[in-house]
Amino acid sequence: MSTDGGGGGETPTVPPNMTIYINNLNEKIKLDELKKSLHAVFSQFGKILEVLAFKTLKHKGQAWVVFEDVSSATEALKRMQGFPFYDKPMRIQYAKTKSDIISKADGTFTPQERRKRHDERADRKKREQHHDANQAGTGINSAYSGAYGAVPPLAQMAYGGGAKSMLPETPALPNNILFVQNLPHETTPMMLQMLFCQYPGFKEVRMVEAKPGIAFVEYGDEMQSTVAMQGLQGFKITQQNPMLITYAKK
């Protein structure tokens, strides 16, 4: 089984799946920062199960992003193809069937024959669980759809629950600078730049060292800042932190 996850020079097309393979990444970026930045940029397309990148020479400049579903991976591949990430355009394709390198990394690697037996056992167990759930007339299916069902619209994520109390009482008038709140502590200016520079007119990101969790993002004019605000309102850099974006008070 190949270990390049989707790289290499083969021509056969890889069927859509939940994992995208990215190469042509800037090799100077530290591994930890690279993974966090990839997570920040790609989580706008859906829930990410994991981001994989390796220190070995063979895997430099490459990463894998594993989504919870195929539609998220497909959207990410289409929208981010050629996106300038740390000054280099990303090359993205679907990963080949879970490569041994990824399986070893996440602990699911088993040699071929054992894997086949394991898959058969897993299928049998799944059928039994499905049968039990149907017998009980409850559950697995309804619980699953409740936990992993429809994703709420961004506006609901942004304004629902705890974030609501953070809304300013008198909103600032529309202008070209956005005020971003509820950022996780690990957010870096580069992560925010990656997100906001997708929108036309982006100028700069300013973070306040004394006040972690907030940032100012400047655009050329208020029309451009408004489009960016609408596009990223409620975006989650981590699962616990939906961004709250308003116009900055002048």
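Four strands of this predicted model form an open sheet, in the order 2-3-1-6, and their pairing is antiparallel. Strands here are DSSP runs of E with at least two residues, helices are runs of H or I with at least four residues, and both are numbered from the N terminus. Two strands pair if DSSP finds at least two bridges between them. As a general point, strands of a sheet pair through backbone hydrogen bonds, either parallel or antiparallel.

Which strands stand at the edges of this sheet? They are strand 2 and strand 6 (91-94); each has a single partner strand, so one side of each is left without a neighbour in the sheet. From one strand to the next, the twist averages 20 degrees. Such angles run from 0 to 180 degrees between N-to-C directions, and the axes are lines fitted to C-alpha atoms, for helices over the stretch in contact.

Let us turn to strand 3, residues 63-67. Strand 1 (residues 19-23) is joined to strand 3 by four bridges, and the two run antiparallel. Within that pairing, Y21 stands opposite W64, and T19 stands opposite V66. Four bridges also join strand 2 (residues 48-52) to strand 3, again antiparallel. Here V51 stands opposite V65.

Is strand 3 mostly covered or mostly open? It is mostly covered, since five of its five residues are buried. Buried means under 20% relative accessible area, exposed means over 50%, and partly exposed lies in between, with a 1.4 Å probe and protein chains only. In a regular strand the side chains alternate between the two faces of the sheet. In strand 3, A63, V65 and F67 point one way, while W64 and V66 point the other way, and all are buried.

Helix 1 (residues 31-42) lies across strands 1, 2, 3 and 6, and runs at about 145 degrees to strand 2. Helix 2 (residues 70-80) lies across strands 1, 3 and 6, running at about 155 degrees to strand 6.

Which residues of helix 2 are buried? They are S72, A73, A76, L77 and M80. Seen down the axis of helix 2, these buried residues fall within an arc of 135 degrees, so they line one face of the helix. The arc is that of the directions from the helix axis to the C-beta atoms. Their cover includes strand 1, helix 1, strand 3 and strand 6. On the other side of helix 2, S71 and K78 are exposed. Just after helix 2, G82 takes a positive phi of about 80 degrees.

Next, K250, which lies in the segment after strand 10 (244-247). K250 is exposed, with a relative accessible area of 75%. Leaving aside neighbours within four places in sequence, K250 is in contact (heavy atoms within 4.5 Å) with N175, N176 and I177.

Finally, the protein chain as a whole. There are eight helices and ten strands in the chain, and of its 250 residues, 39% count as buried. Among contacts with a separation of 6 or more, 67% come from residues 24 or more positions apart.

Residues are numbered from 1 along each chain as its sequence is written, and side-chain values use heavy atoms, with hydrogens and water left out. As this is a predicted model, local features need pLDDT of at least 70 and side-chain atom pairs count only at pLDDT 80 or more, whereas totals for chains, interfaces and linings use all residues.
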